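Thanks, everyone. Let me put the structure up, and then we'll go through it piece by piece.

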Amino acid sequence: MKIFDLLIDNIAEHSYGVTDDFFTPNEVKALVVILRQRHEAGVFKTASIGQKSERRVQDKVRGDHILWLDENSIDAEEQAFFLKINTFITYLNQTCYLGLRSFEFHYALYPIGTFYKRHFDRFLHDSGRKMSVICYLNADWQATDGGELVIHLPNAEPVKIAPLGGRLVCFEADKIEHEVLPALRERLSLTGWLRTD
Ligand code: OGA
Ligand code: MN
């Protein structure tokens, strides 16, 4: 698929890539409906950092609320999303020989004023996360709404990426340090990892 070609070129060259047309505006709308229904049902959790015994809620580090997606969901919009991600995985494996075998995704909702401090996406005892993928679900996001993803590359100026609806950002999970600046409006995304196990 054409949208993946440039994205993959950029990942190969710069360790990260962005495409603005991963979701159509209608797909964004439909996923936001699901996200909001589940959020109102009270099933989102305050995000934590670390795994198992290391796990702790840390709103000084990150303030988002998350809900993991179920690969067996009967929801058509979510199944369409999984299909797209699988197509992306196939492309990545064919072009970059990454050996990706599975994925995990969660919805994320950043309430007004929340952020995620500078970090790498890997756990101490879990090296299965190869690529980080973030799909934004914010229609009409304005420059004044804040909430940018900032990518910190070695020996380069930080890159700021606005969380525009339909946009997908992908980077190497253990190589790219990044952060989320305070969101001045509720900020929605589908965030996850492509795994080698
Ligand atoms: C994360 C993360 C970035 C974003 O969830 O680990 O860094 O732009 N998210 O939402
Ligand atoms: Mn991260």
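H119 and H178 are both buried. Keep in mind that this is a predicted model. What do these histidines do here? Both are donors to the manganese ion, ligand 2, each through NE2. Along the chain, the spacing reads H-x1-D-x56-H. Now place the two histidines on strands. H119 sits in β7, residues 116-119, and H178 sits in β12, residues 177-180, so this pair ties together parts that are 59 residues apart in sequence.

Next, the strands themselves. β7 and β12 pair with each other, antiparallel, over two bridges. Y116 has V180 in β12 as its bridge partner. β12 also pairs with β9, residues 149-152. That pairing is antiparallel too, with four bridges. There, V150 stands opposite E179 of β12.

On to the open sheet. How many strands does it have, and in what order? Seven, running β1-β11-β8-β13-β6-β5-β2, with antiparallel pairing. The edges are β1, residues 16-19, and β2, residues 45-46. Each has a single partner strand, so one side of each is left without a neighbour in the sheet. Inside that order, take β8 and β11. They are joined antiparallel by five bridges. I134 faces V169 of β11 across that pairing.

Now helix α3, residues 76-96.

Which residues of α3 are buried? E78, F81, F82, I85, F88, I89 and L92. They cover an arc of only 120° around the axis, which means they are on the same side of α3. On the other side, A76, L83 and Q94 are exposed.

What covers the buried residues? The cover includes two helices, α1 (2-14) and α2 (25-40). It also includes the strands β6 (102-110), β8 (129-136), β11 (168-172) and β13 (187-195). These four strands are all named in the order of the open sheet.

Last, the ends of α3. At the start, a side-chain oxygen of D75 comes to within 3.0 Å of the backbone nitrogen of E77. Just after the helix, Y97 has a positive phi of about 50°.

That's my tour. Over to you.

Note on methods. Residues numbered from 1 in each chain as written. Chains lettered and ligands numbered in written order. Predicted model: local features only at pLDDT ≥ 70, side-chain atom pairs only at ≥ 80, totals over all residues. Heavy atoms only, no water. Donors = N, O, S within 2.8 Å, 3.2 Å for Na, K, Ca; no water. Buried < 20%, exposed > 50% of the residue type's maximum accessible area, 1.4 Å probe, protein only. Pairing = 2+ DSSP bridges. Arc of directions from axis to C-beta. Contact = heavy atoms within 4.5 Å. Polar contact = N/O pair within 3.5 Å; in protein donor to acceptor, adjacent residues only side chain to side chain.
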